[in-house]
Structures are given as structure tokens and as C-alpha cells.
Amino acid sequence: MTYRIEKDTLGNVKVPINKYWGAQTERSRNNFKIGPEASMPIEIIYAFAFLKKASAHVNFELGLLSKKKKDIISSVCDEIIKEKLDDQFPLVIWQTGSGTHTNMNVNEVISNRAHVLMDGKLGDSRVSYIHPNDDVNMSQSSNDTFSTAMHIASYKKLVEKTIPSIKKLKEVLEEKSKLFQNIIKIGRTHLMDAIPITLGQEFSGYVSQIDHGLNALKKSLDHLSELAIGGTAVGTGLNAPIGYDIKITEYICKYTGFPFKVAKNKFAAIASHDAIVESHNALKQIAVSLIKISNDIRFLSSGPRSGIGEIYIPENEPGSSIMPGKVNPTQCESIMMVCTQIMGNDMAISIAGSSGNFELNVSKPLIAYNFLQSSQLIADSCNSFSSHCVMGIKPNYRRIKEFLDKSLMLVTVLNNCIGYEKSAEIAKFAYKNNTTLKEEAIRLGYLTVDEFEKFVNPSKMV
């Protein structure tokens with residue numbers, strides 16, 4: 001490896017000769033060799049590029065930056081957004097809690113890449129066309145820029161990936177609910193037999209769960225759309241010109257296509273991340289629902305001969321390396337693990353969200369990483385669950401009828417005819433004698449054949 005010498009306020013640093021980052025990035029790379037995973041999400045980097053481009057345009061309009069510098073900074077930002085410089089952002093999330101190292105990583109890459117595009121040479125300290133702090137970071141602080149990048153990346157991920165995937169799953173469940181609306185089966189409470197329900201009604205419960213979670217997630221977008229940019233270090237806006245916050249937010253909206261707005265209170269936007277806590281709580285709510293739904297589906301499809309087996313799910317892969325012919329509910333298991341991870345991420349975000357001291361939250365990279373991971377995981381998992389499981393669900397009519405016909409809880413409908421105690425007596429004798437409710441009701445003299453058949457009709461119980 002050959003190196004060049006880069007310089008910051010602490011002195012000289014050796015940087016790989018072919019990399020655009022500078023001294024501060026290299027210091028972080030060497031000082032935080034923590035874990036093989038958890039690199040800063042690339043979505044954060046792209047969000048920074050939107051922000052830095054917008055800032056260059058606003059600083060030019062306000063007479064603080066030359067047109068030449070504005071244009072070259074914008075060009076490099078476009079390269080970042082187009083994924084041409086992905087390998088220039090090597091830092092992990094286990095760094096400074098403000099995300100300063102990543103802000104400077106972006107500043108240095110833009111500065112050095114601009115230097116090269118203007119026919120400069122990396123490592124030539126005699127001339128610097130674009131300064132990472134004075135030009136790229138003009139009117140900004142790491143504290144407001146990283147907070148802003150978190151919101152841009154999170155909002156974009158939810159709207160483009162997460163919400164459409166959850167909506168797709170809801171629609172597939174809704175289709176099944178309508179398709180199954182007339183299939184009467186036995187309900188279950190406490191894992192025990194209960195009164196009848198239709199398979200469509202059962203699935204309608206799943207639809208409602210997802211719908212409520214989706215609504216909660218959409219409602220959280222309003223808070224998430226608030227940007228801290230313009231607050232600089234502590235929220236006061238020191239070193240940012242008047243009107244900068246409004247103008248840069250307008251440019252960010254233009255570049256991203258999303259309705260961002262200036263944070264109502266920049267002190268809160270920098271010192272806390274309640275908007276992300278709120279939004280991730282909706283993701284957790286959906287994860288909780290999905291675990292319940294996937295558990296129901298795997299139990300309803302269990303068997304094929306010694307379980308419940310009321311529905312069939314797609315046979316996607318062989319289920320065992322030793323038991324021939326075994327097929328397992330792998331999509332259900334996969335989404336359960338994903339949702340468990342999301343619930344763990346929610347706890348981490350909750351703790352991290354409370355880790356602000358005075359004017360700054362100092363767990364920003366962790367919050368960003370966990371939120372974006374949850375958003376992507378739930379999007380991918382909902383797509384997979386929809387396509388490879390729910391779409392292929394079919395009822396096992398024979399099994400459904402078998403359970404319904406021999407259920408003792410059909411006796412519940414007789415409460416209003418002969419009373420609770422006599423109804424219970426019929427059920428207990430039927431279970432004890434391994435007979436039917438009809439046989440015992442007649443034997444005990446509580447009902448005639450015609451009366452029993454009139455009252456005990458599952459189609460009228462749903």
C-alpha cells in the first residue's frame with residue numbers, strides 16, 4: 001500500500017494514495033476498528049450528498065460561495081448519489097456519537113474529488129480548490145447535518161421501500177380474507193376449541209392489524225419530515241445566515257421529491273431523536289403483529305397429519321436433511337426472526353434516543369443504523385412472506401369440516417335455549433362418552449332432534 005500525506009488540525013496523517021478521504025476519516029478508521037460489520041449505512045451517505053449539494057446552492061445564492069465551487073461540489077454530490085463513490089466511505093457506526101466522523105468523511109471526499117476534477121493531484125497540499133470545512137461544510141455543523149441526514153434517509157426508505165411492501169402484504173391478506181369469507185371453521189381461544197368463525201373472518205383480523213400498523217407508520221412521517229439543518233452546533237444557528245434553513249430545506253425537497261420542512265424546534269431536533277423513536281415504534285407495532293400472524297399461519301398449516309392442518313402453505317424447499325419428504329413453514333420462521341430483530345432494534349433505539357446530554361444526542365449513528373436496518377428488513381420480509389407464503393395459502397376443506405363437526409363448543413349456541421348449566425352438561429357427557437352433542441342432548445331429554453338441528457347450525461353462528 002502506498003500513501004500520501006494529508007493534514008488536519010492535529011497534524012499529518014498517512015492516507016491510502018488512491019482514496020479520496022482525508023485525515024479525519026483515516027483517524028476514525030484507525031481509532032475505531034470495532035467489529036467486522038455495521039458500516040455506516042450508504043443511505044446516510046446519499047442523504048448527506050443531497051444535503052451538501054443543497055447547501056452549496058444556498059451558500060452561492062446568499063453570496064457566500066463562488067459559482068465555480070458551487071458547481072464542482074454539486075457535481076461530486078451527483079456522483080455520490082449515482083453510487084459512483086460508494087467505496088470511499090469506510091467508517092463504522094461505532095464512532096463519535098454525533099456522526100462527526102462521517103460528516104467529515106463526506107466533506108473530505110467531496111473536497112478531494114473536486115480537487116481532482118479541477119485537474120489537481122491528491123496529496124498536493126500546495127493548492128486546495130475546495131476546503132472540506134470552509135466550503136463543503138459552510139453554514140453547517142456535524143450536529144445538524146447528521147441529524148438531517150438521518151431523517152432524509154429514514155423518510156426515503158420508509159416511503160420508497162417499507163410502506164409499499166407492508167401495503168402489498170395487507171392487500172394479499174385482504175384478498176385471502178374475501179376468498180375465504182364463507183369457509184366456516186372452528187375458532188380457538190387459549191389454544192382450545194371455541195365457537196365457529198369463518199376463515200375469512202380470521203384473516204380479516206390480520207388485515208386490520210397490518211392496517212393499523214401501517215396507519216401509525218404513515219402518521220409518524222409528519223414528525224420525521226422535520227429537518228434540523230440550520231441549527232448548526234446546538235440549535236441556535238450560529239454561523240448559518242438568516243434564511244439558510246428555509247432555503248436549504250426547499251432544495252432538499254426539490255432534489256429528493258419529498259415534503260421535508262424546517263424543524264419546529266431545532267434544539268429538540270439536535271438534542272433528541274423522538275421522531276425516529278416514534279416512527280420505529282410503529283415498525284415495532286407491525287413486527288409484533290407479523291409475529292402473531294406468522295405464528296397463526298404456521299400452526300394452522302401444521303402437520304400434515306398430526307397437527308391442525310386447516311390450511312396448506314406453499315412447499316418451497318425440502319425441510320430436513322434426515323427426514324425425507326418433510327416440508328417446513330420456513331417463510332413464517334424467517335419473518336418471525338426478522339420481527340424479533342426489529343423488536344431488539346426498537347429497544348436499542350429507545351435507549352439510544354434517551355442518550356442525549358443537554359444540547360446533543362450522542363448515539364446518532366446507532367439510531368440511524370438500527371432504523372434503516374429495521375426498515376429494510378421489514379420491507380424485504382413482507383415481500384418474501386407475501387410472495388412465497390400468503391399468496392399460495394389454500395384451505396384444507398376436509399380438515400376444516402372434520403374439526404367443525406366434532407367440536408364441543410357448538411353447544412354455546414344452546415345457552416339461550418336451555419341455559420348454561422344444561423349446555424355444559426351436554427358438552428361434558430359428549431366428551432366423556434366420545435359421543436356427539438346431538439346424541440347427548442337427546443339422551444338427556446333436553447332437546448328433540450328437530451330442535452337440536454334448528455338451533456345448532458354453524459352457518460348461523462358466524
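Predicted model: local features only at pLDDT ≥ 70, side-chain atom pairs only at ≥ 80, totals over all residues.
**Ground rules**

I number residues from 1 along each chain as its sequence is written, and side-chain values use heavy atoms, with hydrogens and water left out.

**Entry 1**

I began with helices, which are DSSP runs of H or I with at least four residues, while strands are runs of E with at least two, both numbered from the N terminus. Two packed helices are described by the angle between their axes and the distance between the axes. An axis here is a line fitted to C-alpha atoms, for helices over the stretch in contact, and angles run from 0 to 180 degrees between N-to-C directions.

At what angle do the axes of α6 and α11 cross? I looked up α6 (residues 142-179) and α11 (residues 274-300) and found roughly 20 degrees, with the axes coming within 12 Å. The two helices are therefore roughly parallel to each other. (Under 35 degrees counts as roughly parallel, over 145 as roughly antiparallel, 65 to 115 as roughly perpendicular and the rest as oblique.) α6 passes α11 in a left-handed crossing, meaning that the near helix is turned anticlockwise from the far one by less than a right angle; clockwise would be right-handed.

Next I listed who touches whom, with contact meaning heavy atoms within 4.5 Å. From α6 the contact includes Met 150, Leu 158 and Ile 166, and from α11 it includes Ala 275, Leu 283 and Leu 290. The contact of α6 with α11 holds nine nonpolar residues, four polar and no charged. (Nonpolar covers Ala, Val, Leu, Ile, Met, Phe, Trp, Tyr, Cys and Pro; charged covers Asp, Glu, Lys and Arg; the others, Gly among them, are polar.)

**Entry 2: helix α6 beside helix α7**

I then turned to α7 (residues 199-219), whose axis comes within 8 Å of that of α6 and crosses it at roughly 160 degrees. α6 and α7 are therefore roughly antiparallel to each other. α6 passes α7 in a left-handed crossing. Among the residues in this contact are Leu 158, Ile 166 and Lys 170 of α6, and Phe 203, Ile 210 and Asp 211 of α7. By class I noted ten nonpolar, four polar and six charged residues in the contact of α6 with α7.

**Entry 3: salt bridges**

How many salt bridges does a search of the whole structure find? The search finds 25, each one a side-chain nitrogen of Lys or Arg within 4 Å of a carboxyl oxygen of Asp or Glu.

I picked out Asp 8 and Arg 27, whose side chains meet at 2.6 Å, N to O. Asp 8 sits in strand β1 (residues 3-8) and Arg 27 in helix α1 (residues 23-31), so this pair ties together parts that are 19 residues apart in sequence. Asp 8 is buried at 16% relative accessible area, and Arg 27 is partly exposed at 23%. (Buried is under 20%, exposed over 50% and partly exposed in between, with a 1.4 Å probe and protein chains only.)

Lys 284 bridges to Asp 346, with the closest N and O atoms 3.9 Å apart. This pair links distant parts of the chain, Lys 284 in α11 and Asp 346 in helix α12 (residues 330-353), 62 residues apart. Lys 284 is partly exposed at 27%, while Asp 346 is buried at 8%.

Asp 405 and Lys 401 also meet in a salt bridge, 2.6 Å from N to O. Both lie in helix α14 (residues 397-405), four residues apart, about one turn of the helix. Lys 401 is exposed at 52%.

**Entry 4: Glu 310**

Which residues are linked with Glu 310 in a network of salt bridges? I noted Lys 185, Arg 188 and Glu 202. Glu 310 lies in the loop between α11 and β7 (311-312) and is buried, with 0% relative accessible area. Leaving aside neighbours within four places in sequence, the contacts of Glu 310 include Leu 300, Pro 395 and Phe 403.

**Entry 5: Cys 332**

Last, I checked Cys 332 in α12, which is buried at 1% relative accessibility. Not counting residues up to four places away in sequence, Cys 332 touches Ser 294, Ile 297, Arg 298, Phe 385 and Cys 389.
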